[in-house]
Amino acid sequence: MTDNDFSGLGLAEPLLRALRAQDYDRPTPIQAQAIPELLAGKDLLGIAQTGTGKTAAFALPILQHLSASRDRPGPRAARALILAPTRELAIQIGQAFRDYGRHLSLRQAVIFGGVSQRPQVKALHRGVDILVATPGRLLDLMEQRHLRLDSAAHFVLDEADRMLDMGFIRDVKKIAAALPRRRQTLLFSATMPGAVAGLAAALLRDPVRVAVTPAATPVERIEQRVFFVAAGDKRALLARILRDPALERSIVFTRTKHRANRVAQQLDQAGIAADAIHGNKSQAARQRTLEAFRGGRLRVLVATDIAARGIDVDGVTHVINFELPNIPEDYVHRIGRTARAGASGAAISLCDPSEQAFLRGIEALTKRRLEVAEGSPARPAAAAKAPAPKAPRAANANKKPARGGRRRRGRGQKPRRAA
Ligand code: AMP
């Protein structure tokens, strides 16, 4: 054991054993900084994005606290609540708790919308130690008295900025109001806009603040290139790019669900194993597709930005932007799906003439000019203009709210983006 491995952080043997099974040799920076403070019972404000190891940073101390105390959950109660903005993220967090807690006998449940509530109600009936949930379904179950939170001693709000972005602020506040005052609270967010800072001030008590950036930011570590191409030639170009066996496992991004379906179909017809994942697919279908992609049975996953939120698949070699995102930040989220855990990765963007303003916005945000790919025409003059002084966030205004989003009676607030 060396000084910088997990045992130095004060974690108990069953957790260390589970970490060895995961092949985690040493803590990531956020784990090294957060775990001792959380074991000491402090509240925490974590400024960190996916890929930094933040899930283990909160899951390990919570598991240790829960297993160290003799309390058992009462009927329909939870001892720790983790709120996540999307189902995919909730499922991943649930899996992480199972992996790290494999040598502890703690009960857990993961609940989210879009599926029958019956098995979730059943799972909650005897009470759980750990509950991972998305806000909408959680509130529904609380209102139906299937769940009470008045004995939850640990509360984690993950991806708070996305949570607010998706219109969950009121839900989050209602949920927080149902928690006991004496509790440990952790809030994680990749960015800290005013609304998140306000929420943090309202929820946290004298928190420790830990801010980390990924080991190397995507912008530095990912090879990024752009193809200038007519919109009508994108399909053929995509198939040609994917013929290269170096693209072992790729995610192709589109702006719309419809386009995601079309692209996946066309690739499949061209003999490239591909499937689409987006908000109109059932939860079961999305999980099947993700499993096939994880297991290597699908070489290409075609996704929309929202569906890709929180997806954590190792070994993604390439991200291809079939269409450029109109929100520059989405570009950074997209390309962050590759080059995880120190691996290298590449991002290829197909830019048609109508997307040149989006490209300028991306280059202004990342403060870097994308390299023109081999075989692409030279950068058109319109795309070469100096980047706008301000990234065009106004593009947001064009974004229609996603249809099919969760909407519950009487709450009068519609999420801007569906999970
Ligand atoms: P997260 O930021 O929690 O989404 O974690 C990103 C990825 O890093 C996940 O695939 C984790 O399994 C992995 N991971 C987390 N902590 C470590 C660690 N200490 N060593 C190696 N991999 C890790």
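This is a predicted model: local features need pLDDT of at least 70, side-chain atom pairs count only at pLDDT 80 or more; totals for chains, interfaces and linings use all residues.
Residues are numbered from 1 along each chain as its sequence is written, and side-chain values use heavy atoms, with hydrogens and water left out.

Two packed helices are described by the angle between their axes and the distance between the axes. Helix α6 covers residues 135-143 and helix α8 residues 169-177; their axes come within 10 Å and cross at roughly 45°. Axes here are lines fitted to C-alpha atoms, for helices over the stretch in contact, and angles run from 0 to 180 degrees between N-to-C directions. The angle therefore makes α6 oblique to α8, since angles under 35 degrees count as roughly parallel, over 145 as roughly antiparallel, 65 to 115 as roughly perpendicular and the rest as oblique. On the α6 side, P135, G136, L138, L139, M142 and E143 meet D171, K174 and I175 of α8, contact meaning heavy atoms within 4.5 Å.

The chain as a whole holds 17 helices and 14 strands. These are DSSP runs numbered from the N terminus, with helices (H or I) of at least four residues and strands (E) of at least two. Of its 419 residues, 52% are buried; buried means under 20% relative accessible area, exposed over 50% and partly exposed in between, with a 1.4 Å probe and protein chains only.

In soluble globular proteins, nonpolar side chains tend to be buried together. A nonpolar core is a set of buried Ala, Val, Leu, Ile, Met, Phe, Trp, Tyr and Cys residues joined through side-chain atoms within 4.5 Å. The largest such core has 38 residues, among which F58, L60 and F97 touch the most other members. Elements giving two or more residues to this core include α1 (13-21), α3 (54-68), α4 (87-100) and β2 (78-83), and α3 supplies the largest share, eight residues. Beyond its neighbours within four places in sequence, F58 is in contact with L38, I82, I93, F97, V156, D158, L186 and F188. A second, separate core of 35 residues includes L131, A133, L147 and L199.

F97 is also one of the contacts of Q108, together with G94, R98, V128 and I130, neighbours within four places in sequence again being set aside. Q108 belongs to strand β3 (residues 108-111), and its side chain reaches the backbone oxygen of G94 at 3.0 Å.

Where does T254 lie? T254 is in the loop between β9 (250-253) and α12 (257-269), and it counts as buried because its relative accessibility is 0%. A polar atom of the T254 side chain lies 3.0 Å from the backbone oxygen of T256, and one lies 3.4 Å from the backbone nitrogen of A260. Among the residues that T254 touches are V302, D305, F322 and R334.

R145 is in the loop between α6 and β5 (154-157) and counts as exposed because its relative accessibility is 66%. K367 lies in the loop between α16 (356-366) and β14 (371-372) and is exposed, with a relative accessible area of 73%.

Definitions and conventions: A polar contact is a pair of N or O atoms within 3.5 Å; within protein, one must be able to donate a hydrogen and the other to accept it, and residues adjacent in sequence count only if both atoms are side-chain atoms.
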